[in-house]
Amino acid sequence: MWPFYVMAIVAILSTIRVITNANPVHALLNLIVSLLAVAGIFFIVGAPFAGALEVIVYAGAIMVLFVFVVMMLNLGSHTVMQEKSWLSSSTWAWPAALSFIVGLVLVWSMSGTASDKVMGQEIIGPKLVGIALFTKYLLLVEIAALLLLAALVAAYHLGKRGAEEEEQG
């Protein structure tokens, strides 16, 4: 039970640091730690598929994209000193310490028999997730797909309109 609480505390602390940091790179580092802690919680409660998706999709792909966008937007000569300050040990201390705690809990959780370390009654794998999504929650999945399609079409039209206005202006 204690690994769950440790991961929850790490997730809460790193999320608070996301909100309170004025520097976007510091906030993104703490958000990655928060997402990894949430993935650890998924592993602990017996949902390894959801935990793996959390790591791959959110902490992996989306956060790397955010980091690259933030770093690309800070172009110019005035940012050289700012980038040097990002490499200081105080910038990386909190995310590194919280990541170390997450790593320790995950290594402990994976050692030995996993049956006594999982809080849920059964392991929820991709098959059970797929069955639930496409039987019990089929209507909600279809509504979410339509909302995402509508957002994609709206973003395309808004972007197209913005490009046309730049060409005319």
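Buried residues, meaning those under 20% relative accessible area with a 1.4 Å probe and protein chains only, make up 24% of the 169 residues in this protein. Before we go on, a word on the source: this is a predicted model, where local features need pLDDT of at least 70, side-chain atom pairs count only at pLDDT 80 or more, and totals for chains, interfaces and linings use all residues. Residues are numbered from 1 along each chain as its sequence is written, and side-chain values use heavy atoms, with hydrogens and water left out.

So what is the fold built from? There are seven helices and zero strands, where helices are DSSP runs of H or I with at least four residues, strands are runs of E with at least two, and numbering starts from the N terminus.

Now the contacts, which are heavy atoms within 4.5 Å. Take those between residues at least 6 apart in sequence: 68% of them join residues at least 24 apart.

Let's look inside. The largest nonpolar core has twelve residues, among them Met7, Val33, Ile41 and Leu106. Helix H1 (2–20), H2 and helix H5 (89–110) each supply at least two residues of this core. By nonpolar core I mean buried Ala, Val, Leu, Ile, Met, Phe, Trp, Tyr and Cys residues joined through side-chain atoms within 4.5 Å.

One residue I'd like you to find is Asn30, in helix H2 (residues 24–44). Is Asn30 buried or exposed? Asn30 counts as buried because its relative accessibility is 1%. Beyond its neighbours within four places in sequence, Asn30 touches Ser14, Arg17, Val18, Asn21 and Pro95. The C-alpha atoms of Asn30 and Arg17 are 6.4 Å apart, with the two residues 13 apart along the chain.

How values were computed:
Buried means under 20% relative accessible area, exposed over 50%, partly exposed in between (1.4 Å probe, protein chains only).
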